[in-house]
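Dear colleague,

Please find below the structure that I would like to hand over to you.

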Amino acid sequence: MRLLAIDTATPRIMTGVVELADGTPTQRSVSSETGATAHAEILAPSIERVVREAELAMGDLEGIVAGLGPGPFTGLRVGIVTAAALGDALEIPAWGVCSLDALAPREGRTLVVTDARRREVYFAVYEGIQRVVGPEVAAAADALAAAGEVDAVIHAGAEKYLDELAAAAPVREVLPTPVSLVAAAVRTGAIDVQPTPLQPIYIRRPDAAEPKARPRLHVTGPS
């Protein structure tokens, strides 16, 4: 099965083509670009390029796997809307997977974090590849407390919290790849089932608030 993988939940805009055979994903092409404020400009050309580098046409794709976050609202929305629109246009399934699942190692108890801004991180805790806590959002210190004792900390674009995170366990950066995203979708059972509408994992209230009702003005005539 020839799959397009898309993830925009971290500071890296990741796209790639993966060949999935007997449950094993093999990377055919990949693009990973920095563009925290330019997702719309970068994503479409990246998709065209990875499909071309895989020596395929868009019509050769048989499915799409998209990271659902958690992640910053705008970038996450661009990736998910693009995946859904392509799926509709090509009449192929689009499956979603938690982006943090694509970063989990296969052994040990691990805290996985990405930058949530506002001095917070998105995080989840894994026993091997099994997610046991999260995803949630909290200050780095609170994420460490929620994780308890861990063997390692993995981050994707959370450099500003390294000093805090390193107090708990060895820290290393791991960015999502097309293969890791598809592998996460396979082990969570997302692929080869009837796809449902892609829903981003938003675990923080939006900044915008509904405006308060204005008090009515009482107009009286001249006395």
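Ala102 is buried, because its relative accessible area is 7% and a residue counts as buried under 20%. Please bear in mind that the model is predicted.

Setting aside neighbours within four places in sequence, Ala102 is in contact with Ser180, Leu181 and Ala184. A further residue to look at is Ile129: Ala102 and Ile129 are 27 residues apart along the chain, and their C-alpha atoms are separated by 9.2 Å.

How do strand 7 and strand 8 pair, in the parallel or the antiparallel sense? Strand 7 (residues 120–127) and strand 8 (residues 130–138) pair in the antiparallel sense, and six bridges connect them. Within this pair, Val125 stands opposite Val133 of strand 8. Two residues lie between the strands of the hairpin, and Gly128 takes a positive phi near 65° there.

**The protein as a whole**

The secondary structure consists of five helices and 10 strands. Of the 223 residues in the protein, 46% are buried, and Ala102 is one of the buried residues. Among contacts with a separation of 6 or more, 61% are between residues 24 or more positions apart. The accessible surface of the protein comes to about 11,800 Å², and carbon and sulfur atoms account for 51% of that surface.

A colleague

Notes. Residues are numbered from 1 along each chain as its sequence is written. This is a predicted model: local features need pLDDT of at least 70, side-chain atom pairs count only at pLDDT 80 or more; totals for chains, interfaces and linings use all residues. Side-chain values use heavy atoms; hydrogens and water are left out. Two strands pair if DSSP finds at least two bridges between them. Helices (H or I, at least four residues) and strands (E, at least two) are DSSP runs, numbered from the N terminus. Buried means under 20% relative accessible area, exposed over 50%, partly exposed in between (1.4 Å probe, protein chains only). Contact means heavy atoms within 4.5 Å. Accessible areas come from the Shrake-Rupley method with a 1.4 Å probe; for residues, only the protein chains shown count as cover.
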